[in-house]
2 protein chains.
Amino acid sequence: MKAVEETPMGLGAEMKVLGERAQAAARALARSSGQQRIDALESMAQALRSNVDQILEANAQDLEAAEARGLDSAMVDRLKLDAGRVESMAQGLSEVAAFPDPLGEVLMERVRPNGIRVGQVRIPLGVVGIIYEARPNVTADAAGLCIKSGNVVFLRGGSEAAQSNQAILSVLRSAVAAAGLPEDTLMSLPTTDRHWIGEMLKADAYLDVIIPRGGESLIRYVAENSRVPVIKHYKGVCHVYVDGDADLNKAEEICFNAKVHRPGVCNAMETMLVSESVAPTFLPAMAERFEQAGVVLRGCEASRRYAENIQPATDDDYHAEFLALILAIRVVKDINEAIDHIETYGSDHTECIVSENYTTVQQFLEEVNSSVVIANASTRFSDGGQMGLGAEIGISTTKLHAYGPMGVTDLTTRKYVIRGTGQVRS
Amino acid sequence: MKAVEETPMGLGAEMKVLGERAQAAARALARSSGQQRIDALESMAQALRSNVDQILEANAQDLEAAEARGLDSAMVDRLKLDAGRVESMAQGLSEVAAFPDPLGEVLMERVRPNGIRVGQVRIPLGVVGIIYEARPNVTADAAGLCIKSGNVVFLRGGSEAAQSNQAILSVLRSAVAAAGLPEDTLMSLPTTDRHWIGEMLKADAYLDVIIPRGGESLIRYVAENSRVPVIKHYKGVCHVYVDGDADLNKAEEICFNAKVHRPGVCNAMETMLVSESVAPTFLPAMAERFEQAGVVLRGCEASRRYAENIQPATDDDYHAEFLALILAIRVVKDINEAIDHIETYGSDHTECIVSENYTTVQQFLEEVNSSVVIANASTRFSDGGQMGLGAEIGISTTKLHAYGPMGVTDLTTRKYVIRGTGQVRS
């Protein structure tokens, strides 16, 4: 949709060809019906099931290469596919197919004094770039969410999963074509060579957005170097504040769940803030329960008065996204000091207050402007699926376009439609 | 709200100090009431009126400098203030004060099966950077729209208007402080030295968005070099397609208005596409009317068969935003060829169809995904005020966050608010 003259200087000829193919597919896809997109998604789900052997064979090659390169076991676990995981990918596509269609929704229509009708209608973004690391399931998940929302997906997966990604993509492309949509609805870079990332980041004439998924350094690299708009989150330094008016049983369950349920994910609690008025009652039992679950505790001086198993915390600990069984603790005077701490150390991801006091809860929910603010429930609910948004394409901790967990609706934009009967401006 | 460690390398110490002041003001502003923001806007309007002499004196210095530097008359006209223009700025602020408050709006709330309530609430973006050229009225307009939507505005005006901008800003800052909001709600760079733009573009730890307003080269520079998300439009190459089923009287009025009413603005028509079935009837009269209004016509070969005053068009003419009494013309086979032309040469700004055929109109409105698509009315209605959005902070032709004319609502984002009663995730 951009004029040829606007093609940025220095963009390689190959990337231009890919970009033009993506744009052509995006135009066709924007004109497809909701039923065609559902059919394509079902066709993709079936194709994954029918070609599971071929996919697992490709995955075995990646696993072999990973072993030869000595990748760590967490990475290998993310990389590994089996029949069950392929079936999950297929089921995910069917679930996305069944979502309500986000496209065509009329968000408003008003009649102006001169009789023109001004409406706003939901349309696809166009071409969505996804840069991700070693998880081959992202290939199918991202493809599904993008097709549902009428977008071409332009993938750049990690080199560790190159064979798996290629096998999955090839199966899905055929399935999309069999269902009557352009094969180029699903695109990827020709190789995992790093220079191609640079080409993607320059291709603002062809890509409407890039969503990087992976470690902080990858995301930071993309954000700092991209001419294409980026939706991102760097990290989740999530807080729970246990207020002086908290129900301490609820507080203990929520803090325990927020830290221990799945410590390696971005919505796990990383710092617990405790009002000084309940610290003497709350901290000793809480610290013991954490210790039994193997959680390493690092706290401020005040907190260490109430439990022997709390190590001294440094300022770095309050900035840290541990993604592990480590917890930073700070005793605060009151909600205002808690909010100040969050504003200094937080990452705009998710913060929680535990309190039975109406006014204190309201203050927290109104004044804390992280993407998800929670009263009296675990931070682990900060998740597209748990919040009823359907499958998640990512999470945004910057405020433009989307803020918080992103579902299919966040892969759309709105155009204005004006209907007149010959009006001109005087 | 960002951790200190995330401050990008290379950001100057002075910019960090300014950024931290802006962030502190943004926190205070986010907690202000709608009435406080209304009071601040009214106080600002009054202050402009009371200090008109001081503002005009500063403006006279800018005009003197402009004359000495030989700036062209269009630039001088944009720069020049008088009592009437200052009064318009004041009235603009009062009008913005009277808008409905966009903040706090609950966009949805749903109850999940486990009883948690998930809502979405409108909040400010935070700190909005505006980079603009010689129009001093932008200082007051942007300040007004940002305060209404709860945002700190961070201004970088053109050096031509340095004295005027400083005088206006100083008056407005005092007025905001008198109304009880932080002076730093309105910030600007300390000088108009160009290196400061670079500092702004790197300050993604402090600015939530930058909106560049001005010529295409300024906007392109900002878009290509900013680490802060940018909302922009490069240019408006707007099309009117006169369909074979057009009411030719409406078509003539609409095309004439779209080209001639105000040719120097981005929603003026730049290319007229005419169906070959009506070209013989429509073009001769239309071309004559344009000629009488002093419009230079450049068309394809087919168009030149119907009017002697059409010069040959080059491919560049179809890419051009003339912003002048020049019009490119092309005869097309049908709506599909018209849409193809728009997709090749368009700028995603505004496109119009003139047709009485229901199905053709629907096809155009559905398939053309420019930010504003119009049936049977002038492209000049692609304007926030005309569309009922209130005053316009800018226009976006990229799809992320906002697409089309932007009002105060587009200076906000949405956070999720979850209310529980002790739920944890199992």
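Two strands are taken to pair if DSSP finds at least two bridges between them. On this basis, the predicted model contains in chain B an open sheet of 4 strands, arranged in the order E5-E4-E3-E6 with parallel pairing. From one strand to the next, the twist averages 25 degrees.

Helix H1 (residues 13-30) of chain B touches strand E3 (127-131), E4 and E5 of chain B, and its direction makes about 145 degrees with that of E4(B). Helix H8 (residues 195-202) of chain B likewise packs on the sheet, where it touches E3, E4 and E6 of chain B; the direction of H8 makes about 150 degrees with that of E4(B).

Packing between helices was examined in both chains. Two packed helices are described by the angle between their axes and the distance between the axes. In chain B, helix H2 (residues 34-50) and helix H6 (residues 137-148) pack at an angle of about 165 degrees, their axes being 9 Å apart. Angles over 145 degrees count as roughly antiparallel, and H2(B) is therefore roughly antiparallel to H6(B). The crossing of H2(B) past H6(B) is right-handed. From H2(B), the residues B:Arg37, B:Ala40, B:Leu41 and B:Leu48 meet B:Ala140, B:Gly144, B:Ile147 and B:Lys148 in H6(B). This contact comprises 5 nonpolar, 1 polar and 2 charged residues.

In chain A, helix H3 (residues 52-68) and helix H7 (residues 162-178) pack with their axes 7 Å apart and at an angle of about 160 degrees. This angle makes H3(A) roughly antiparallel to H7(A). H3(A) passes H7(A) in a right-handed crossing. The H3(A) side of the contact consists of A:Gln54, A:Ile55, A:Ala58, A:Asn59, A:Gln61 and A:Asp62, which meet residues of H7(A) including A:Ala162, A:Gln166 and A:Val171. By class, the contact of H3(A) with H7(A) has 6 nonpolar, 6 polar and 1 charged residues.

The arrangement of the two chains was then considered. Chain B is superposed on chain A by a rotation of 180 degrees with 0.0 Å of shift along its axis, at an RMSD of 0.1 Å. The two copies are thus related as by a two-fold rotation axis. Within chain B, the C-alpha nearest the axis belongs to B:His401, 1.8 Å from it.

The contact between the chains takes 65 residues from chain B and 65 residues from chain A. On the side of chain B that touches chain A, the elements that give two or more residues include H1, strand E2 (117-124), helix H10 (248-260) and strand E16 (412-423) of chain B. E16(B) gives the most, with 11 residues. That side of chain B divides into 26 nonpolar, 20 polar and 19 charged residues. Because 100% of the interface residues of chain B are also interface residues in chain A, the copies meet through the same surface. Strand pairing also links the chains: strand E13 (residues 372-377) of chain A and E16(B) pair in the parallel sense over 5 bridges, with A:Val372 opposite B:Tyr416 in E16(B).

Terms used. Residues are numbered from 1 along each chain as its sequence is written. Chains are lettered from A and ligands numbered from 1 in the order in which they are written. This is a predicted model: local features need pLDDT of at least 70, side-chain atom pairs count only at pLDDT 80 or more; totals for chains, interfaces and linings use all residues. Axes are lines fitted to C-alpha atoms, for helices over the stretch in contact, and angles run from 0 to 180 degrees between N-to-C directions. Angles under 35 degrees count as roughly parallel, over 145 as roughly antiparallel, 65 to 115 as roughly perpendicular and the rest as oblique. A crossing is left-handed if the near helix is turned anticlockwise from the far one by less than a right angle, and right-handed if clockwise. Two residues are in contact if their C-beta atoms, placed from the backbone, lie within 7 Å. Ala, Val, Leu, Ile, Met, Phe, Trp, Tyr, Cys and Pro count as nonpolar, Asp, Glu, Lys and Arg as charged, and the others, Gly among them, as polar. Copies are superposed by least squares on the C-alpha atoms of residues with pLDDT of at least 70 in both.
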